[in-house]
Amino acid sequence: MLRQRRLSRSTLISFAGLLVGVGGLVIQWIADPPKFADAQRSFGVAFPPGIAFIVVAGLLTLVTARWWWHAVFGVFIAFWIAGVGTLAGQLTPNLTSHNAGTVAGNVVMTAGLVLAFAAGVHSMVTAFRTRRTVRRETDRVPQG
């Protein structure tokens, strides 16, 4: 039987950050739909592909919630979109765009993904430490 694990507050905050990131992408999509025309070749519709990636990362985080490392998927996608996007020079032009909706959407998306990253790392560290503590306590219990 599968062991269910209650989601920690940090994991829930990470999910909220991912949801805010999706909201930021939706704001960008509404503000400038032609910007996502390249995605039409892949998905068949002008749709921000980041939404699909964030949703998949959130689902993987939920499915693996019984393990201490479950939040790694949300942390990875947040780092990939916000961190690598900044390093690759793709996020900065959107933050300096003349379209206020694009700028607002990027600010919302980046803030949500930074929150998801920080909360996800905190969730994994806390879960790892708790796991180690529980193991030590069960090792001390005399078996009789």
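This is a guided tour of a predicted model, going from the whole chain to a few side chains.

**Whole chain**

Start with the protein chain in cartoon view. Its secondary structure amounts to six helices and zero strands, and the pattern along the sequence reads α-α-α-α-α-α. Switch to a surface next. The protein chain exposes about 9,100 Å², and carbon and sulfur atoms supply 67% of that area. Of the 144 residues in the protein chain, 32% are buried. Among contacts in the protein chain with a separation of 6 or more, 70% are between residues 24 or more positions apart.

**Aromatic pairs**

Now show the aromatic side chains. How many aromatic pairs does the structure hold? There are six aromatic pairs.

Select Trp29 and Phe47. The ring centres of Trp29 and Phe47 are 5.3 Å apart and the ring planes stand at 85 degrees, so this pair is edge-to-face; the cut-off for that class is over 60 degrees. Trp29 is in helix α1 (residues 9-31), while Phe47 is in the loop between α2 (39-43) and α3 (49-63). The two are 18 residues apart, and the pair links distant parts of the chain. Trp29 has a relative accessible area of 29% and is partly exposed. Phe47 is also partly exposed, at 22% relative accessibility. Buried would require under 20%.

Move on to Phe79 and Phe117. The ring centres of Phe79 and Phe117 are 6.5 Å apart and the planes are at 35 degrees, so the pair is tilted. Where do its two members sit? Phe79 is in helix α4 (residues 72-87) and Phe117 is in helix α6 (residues 100-140). Phe79 is partly exposed, with a relative accessible area of 41%, and Phe117 is partly exposed at 34%.

Next, select Trp67, Trp69 and Phe73. Ring pairs link these three residues into a cluster.

**A buried serine**

Last, go back to helix α1 and select Ser14, which is placed in that helix. Is Ser14 buried or exposed? Its relative accessible area is 3%, so Ser14 is buried.

Technical notes. Residues numbered from 1 in each chain as written. Predicted model: local features only at pLDDT ≥ 70, side-chain atom pairs only at ≥ 80, totals over all residues. Heavy atoms only, no water. Phe/Tyr/Trp six-rings, centres within 6.5 Å; stacked < 30°, edge-to-face > 60°. Helix = DSSP H or I, 4+ residues; strand = E, 2+ residues; numbered from the N terminus. Buried < 20%, exposed > 50% of the residue type's maximum accessible area, 1.4 Å probe, protein only. Contact = heavy atoms within 4.5 Å. Areas by Shrake-Rupley, 256 points an atom, 1.4 Å probe, with all protein chains shown as cover.
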